[in-house]
Every structure is written in C-alpha cells, then in structure tokens.
Amino acid sequence: SQGQLTWAVHVSLAPTWFDPAETPGMITPFLLLYALHDAMVKPMPGNAAEPCLADAWKMAPDGLSYEFTVRAGAKFHNGEPVTAEDVKFSFERYRGTSAAMMKERVAAVETSDARSVRFVLKKPWPDFLTFYGGLATGASWIVPHKYIERVGGEGFKKAPVGAGPSRSVSFTPGVELVLEATDGYWRKTPHVKRLVFKSVSDVTTRLAMLKRGEVDAAYTLLGEIGEEVRRTPGLTLRPTPFTSTHW
C-alpha cells in the first residue's frame with residue numbers, strides 16, 4: 001500500500017457510525033463500515049450477498065435455521081481472530097435499525113465451535129438474509145467481543161477495532177477521520193495506504209477544495225455545482241445512482 005486518498009464528505013462524521021451495533025436506517029454510515037469493519041455477508045459489486053467473514057452458509061431444508069462458517073484466518077485489527085462467539089455477540093449486541101424485528105424472529109444463536117454459528121428461527125423467514133446480510137441493518141457486521149468487554153461501548157467509539165481493510169489512526173470531531181491500510185486483510189491488501197475523510201458540509205467549499213487539489217474526491221455535487229465540475233479540466237463528475245427520497 002502507498003499514497004493517500006482524501007475525501008470531502010458531505011456530512012459531519014459521528015462516532016456512533018464507528019459502531020455497527022448502532023447502524024441507523026440510512027446508507028451514509030456504511031461509508032465507514034466498509035472501511036473499518038467487515039460483515040459475515042454483505043453487498044459487493046456484482047453480488048448483493050457476497051460471502052465475506054463467512055466463507056460459507058446454508059439454510060436448513062425446513063427454513064428454520066441458517067448455519068455459517070467463519071472464514072479461517074480472518075482477524076481483527078488488534079490481531080485477535082474472528083470467531084463464532086464474536087458473531088453471536090455482535091448479533092445479540094445489535095440495537096440499530098430493525099433490531100427488534102430481527103430478534104423477534106430469531107429464537108437462538110448457537111456456536112458449536114470457534115468457526116460454526118447457527119441462527120435458529122422461530123418460523124421460516126425467507127427475508128432473513130436480506131435483513132442480516134444486506135444494507136437493511138448492520139447486524140451482520142462483526143465486532144471483537146473481548147475488546148469491547150475491556151473498553152466498553154464508549155471506549156469502542158473512541159478507539160474502534162474492526163476486521164476491515166483499514167484501521168483507525170485518528171479522529172478529530174467535525175474535522176477529519178484518518179485510516180490506514182490493514183496488513184494481512186484476508187481479501188487483499190488495500191492499494192491506498194492512508195484514507196482521510198474530511199467533513200465538509202458546504203458544497204461550494206467541497207468544489208473549491210477539489211479545484212485546489214486539497215481533496216481527491218467529493219460527494220454530492222448536484223445541479224449547478226455538478227455542471228461546474230463537468231466544465232473544470234482535470235475533474236470528472238461520476239453518477240452514483242441509488243434509490244432515495246428528497247424533500
């Protein structure tokens with residue numbers, strides 16, 4: 001890994017977004033989750049449910065349980081292995097969007113060994129993977145049980161430890177978050193050594209920073225600002241289509 005990529009983010013980064021357990025019903029925090037953390041199953045380019053920390057899973061023929069196998073060799077940033085106990089802990093600790101609905105449908109989470117975890121449902125629920133492994137919740141994103149027991153929830157937000165491609169280096173509230181590539185990330189070594197997310201709520205400021213070369217990328221450049229980007233040599237405007245409601 002080498003070099004630095006600086007993003008001008010259109011919102012103020014909140015420490016609650018460092019913790020998958022508090023995932024709200026919006027897409028923006030997943031910008032940080034995909035960098036800091038990893039999930040058992042998550043959407044990736046070309047695949048709405050790609051095996052990640054779970055290298056395999058299967059549904060029981062009666063639809064009453066799902067069994068996952070934790071990927072061998074997956075580790076958190078502090079060097080501790082990702083285990084089935086972390087998966088169970090992360091689900092039971094989850095309190096974000098749709099948490100009550102999911103837990104009403106899950107009768108138990110069982111771990112028979114360090115790499116096997118089984119979700120037992122109260123009745124067949126065809127949408128289990130949509131909620132567990134999609135972007136409808138953050139329940140599939142795994143946090144380290146032992147570390148959180150040591151530092152507590154507030155301590156975790158101040159010094160988050162995940163299993164993702166980048167680890168936390170520093171956070172200045174209202175200003176920036178700095179991340180660095182994780183050595184030994186199971187998928188691949190990230191190309192970029194350092195990621196810097198700068199909070200820049202004003203769109204004209206984001207445009208000015210792009211023009212001056214202070215940032216490499218910026219989000220939410222709409223209308224006349226977007227047209228200005230198109231007209232500026234050296235800058236490229238790329239659409240990021242998604243379903244959303246604006247009012």
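Guide: Let's start with a pocket: H1, strand S11 (217–218) and helix H7 (223–231) each supply at least two residues of the lining of the largest pocket. Before going on, note that this is a predicted model, where local features need pLDDT of at least 70, side-chain atom pairs count only at pLDDT 80 or more, and totals for chains, interfaces and linings use all residues. Residues are numbered from 1 along each chain as its sequence is written, and side-chain values use heavy atoms, with hydrogens and water left out.

Visitor: What do the H and S labels stand for, and what is a pocket?

Guide: Helices (H or I, at least four residues) and strands (E, at least two) are DSSP runs, numbered from the N terminus. For pockets, picture a 1 Å grid over the protein atoms alone: a pocket is an open set of points with protein on both sides within 12 Å along at least five of seven lines, a cavity is a set where a 1.4 Å probe fits but cannot get out, and lining residues have an atom within 4 Å of a point. Grid points are joined across faces, edges and corners, and a volume is the space filled by probe spheres set on the points.

Visitor: How much space lies in the largest pocket, and which residues are closest to its centre?

Guide: The largest pocket holds about 1300 Å³. Its lining has 32 residues, and the closest to the centre are His10, Tyr219, Thr220, Thr240 and Phe242. H1 gives the most to this lining, with three residues. By class, the lining of the largest pocket splits into 19 nonpolar, ten polar and three charged residues. Here Ala, Val, Leu, Ile, Met, Phe, Trp, Tyr, Cys and Pro count as nonpolar, Asp, Glu, Lys and Arg as charged, and the others, Gly among them, as polar.

Visitor: And what about the second largest pocket?

Guide: The second largest pocket has a volume of about 670 Å³. Of its 20 lining residues, Leu31, Tyr34, Ala35, Pro165 and Leu195 are the closest to the centre. S1, H1, strand S2 (41–44) and strand S10 (192–199) each supply at least two lining residues here. The classes are 15 nonpolar, two polar and three charged.

Visitor: How many cavities of 30 Å³ or more are there?

Guide: A search of the whole structure finds one. The largest cavity has a volume of about 30 Å³, and Ser90, Arg93, Tyr94 and Trp141 are among the residues that line it.

Visitor: How do I read a helix that bends?

Guide: One way is to compare its span with the expected one, which is 1.5 Å times one less than its number of residues. A straight helix of 14 residues would span 20 Å, but helix H5 (residues 145–158) spans only 16 Å between its end C-alpha atoms. H5 has a kink of about 105°, centred on glycine 152.

Visitor: Which residues of H5 are buried, and what covers them?

Guide: Buried means under 20% relative accessible area, exposed over 50%, and partly exposed in between (1.4 Å probe, protein chains only). In H5, the buried residues are His145, Tyr147, Ile148, Phe156 and Lys157. Their cover includes helix H2 (84–93). As for H2, eight of its ten residues are buried, so H2 is largely enclosed by the rest of the structure. The buried residues of H2 pack against several elements, including S5, strand S7 (116–121) and H5.

Visitor: Is serine 65 buried or exposed?

Guide: Serine 65 is buried, at a relative accessible area of 4%. Serine 65 sits in strand S5 (residues 65–70). Contact means heavy atoms within 4.5 Å. Leaving aside neighbours within four places in sequence, serine 65 is in contact with Lys58, Met59, Ala60, Arg118, Phe119 and Val120.

Visitor: What should I know about phi?

Guide: Most residues other than glycine have a negative phi. Serine 98, though not a glycine, has a positive phi of about 65°. Serine 98 lies in the loop between H2 and H3. Threonine 220 also has a positive phi, near 60°. Threonine 220 is found in the loop between S11 and H7, and is partly exposed, with a relative accessible area of 35%.

Conventions: The bend at a residue is the angle between axes fitted to the seven residues ending there and the seven starting there.
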